[in-house]
Amino acid sequence: MTENTHSFGDGRLAASVHAKGAELCALRAGGRDLLWGGGAPWQRQSPVLFPIVGRLVDDTAWVEGRPYRMTQHGFARDCTFRWLARDETGCRLELVDTDETRKMFPFAFSLVIEYRIEQGTLSVRYCVTNPDSARVLPASLGAHPAFIWPLAPDVPKNRHVITFDAPEPAPIRRLQGGLLLPEALPTPIKGHTLALDEALFAPDALILDQLASHGLTYGIPDGPGLRLAWEGFPYLGLWMKPGGDFLCIEPWHGIASPVGFSGEFSARPGVFHLQPGQEWRAGWQVGCI
């Protein structure tokens with residue numbers, strides 16, 4: 001344990017979290033890394049996306065007719081959270097608004113994230129609270145964990161599959177310049193199954209905005225795999241960057257602004273709206289199978 005990083009586990013699964021960004025920075029089972037280690041071509045590992053998911057048109061949020069500059073995925077991933085609790089099986093961290101955050105996002109907020117490992121499963125819980133006494137808080141939040149791909153050495157990436165809990169026949173969405181294209185496209189998912197290949201991600205992320213499932217498995221048929229489940233997230237993004245040995249499986253409550261969107265921040269797709277004193281909660285879990 002250090003001031004900047006906390007490590008924890010239960011003997012079956014081990015993890016580490018940084019204070020900067022409250023970012024999961026290691027996940028291991030049986031001496032095997034499950035989380036991307038960072039570095040070229042993508043330096044991050046599991047950033048927290050808040051108070052936006054994706055990009056704003058011109059990197060600008062319009063609030064009550066005033067522009068506020070905020071870059072892709074928001075600022076939480078670059079802020080240092082304060083530790084609320086740390087022990088041998090997890091930790092809890094908080095980020096609140098400051099003079100600097102209000103230059104980008106003129107709202108009061110509290111974002112608390114809790115990491116906990118129990119019975120070989122990592123659970124990540126989020127709680128956003130609106131502490132303002134009069135003003136509604138509009139925001140989005142997303143997870144962005146990058147898991148090792150391939151999961152086993154000497155196994156081709158294209159032997160990996162994602163198997164969703166429910167059939168996913170709905171069309172998918174794509175991005176252009178980080179913004180949501182208007183047209184929906186036929187899904188590459190066949191029933192419950194997505195056969196993974198790097199070519200899927202050449203046009204950027206694959207986005208499920210009519211998600212039926214609340215969980216999936218990712219792995220090699222008859223080989224190692226991961227089980228993920230989530231609650232409170234209506235969207236899912238899948239992404240990798242060419243040249244990277246990782247696959248991001250990203251539960252979201254929010255989505256990039258549509259191409260040409262010119263409305264108020266609070267009218268963006270996927271934004272939740274918290275009345276004064278109200279909370280929003282969501283979470284996800286991952287473990288080996």
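This report describes the fold, the surface and some selected residues of one predicted protein model.

## Basis of the model

The model is predicted, so local features need pLDDT of at least 70 and side-chain atom pairs count only at pLDDT 80 or more, while totals for chains, interfaces and linings use all residues. Residues are numbered from 1 along each chain as its sequence is written, and side-chain values use heavy atoms, with hydrogens and water left out.

## Overall fold

The protein chain contains one helix and 25 strands. Both are DSSP runs numbered from the N terminus: helices are H or I with at least four residues, and strands are E with at least two. Along its principal axes, the C-alpha trace spans about 55 × 45 × 35 Å.

Contact means heavy atoms within 4.5 Å. Among contacts in the protein chain with a separation of 6 or more, 66% are between residues 24 or more positions apart.

## Surface and charge

Of the 289 residues, 55% count as buried. Buried means under 20% relative accessible area, exposed means over 50%, and partly exposed lies in between (1.4 Å probe, protein chains only). The protein chain exposes about 12100 Å², and carbon and sulfur atoms supply 51% of that area. Accessible areas come from the Shrake-Rupley method with a 1.4 Å probe; for residues, only the protein chains shown count as cover.

There are 26 positive and 31 negative side chains, and the centres of the two sets lie 2 Å apart. Lys and Arg count as positive and Asp and Glu as negative, without His and the chain ends. Each charge is placed at NZ of Lys, CZ of Arg, CG of Asp or CD of Glu.

## Aromatic pairs

The structure holds 16 aromatic pairs. Rings of Phe, Tyr and Trp (its six-membered ring) pair if their centres lie within 6.5 Å; planes under 30 degrees apart count as stacked, over 60 as edge-to-face and the rest as tilted. Phe75 and Phe105 form a tilted pair, 6.2 Å centre to centre with 55 degrees between the planes. Phe75 is in the loop between strands E7 and E8, and Phe105, 30 residues away, is in the loop between helix H1 and strand E10.

Phe105 also pairs edge-to-face with Phe265, at 5.6 Å centre to centre and 65 degrees between the planes. Phe265 lies in the loop between strands E23 and E24, so this pair ties together parts that are 160 residues apart in sequence. Phe105 is buried at a relative accessible area of 1%, and Phe265 is buried at 2%. Phe75, Phe105 and Phe265 belong to one aromatic cluster, which also includes Phe50, Phe107 and Phe109.

## Two further buried residues

Arg173 lies in the loop between strands E15 and E16 and counts as buried at 14% relative accessibility. Not counting residues up to four places away in sequence, Arg173 touches several residues, including Leu180, Glu183, Leu206 and Asp209.

Gly287 is placed in strand E25 (residues 279-288) and is buried at 9% relative accessibility. Leaving out residues up to four places away in sequence, Gly287 touches Gly120, Thr121, Gly225, Leu226 and Arg227. Gly287 and Gly225 are 62 residues apart in sequence and 8.7 Å apart in space, C-alpha to C-alpha.
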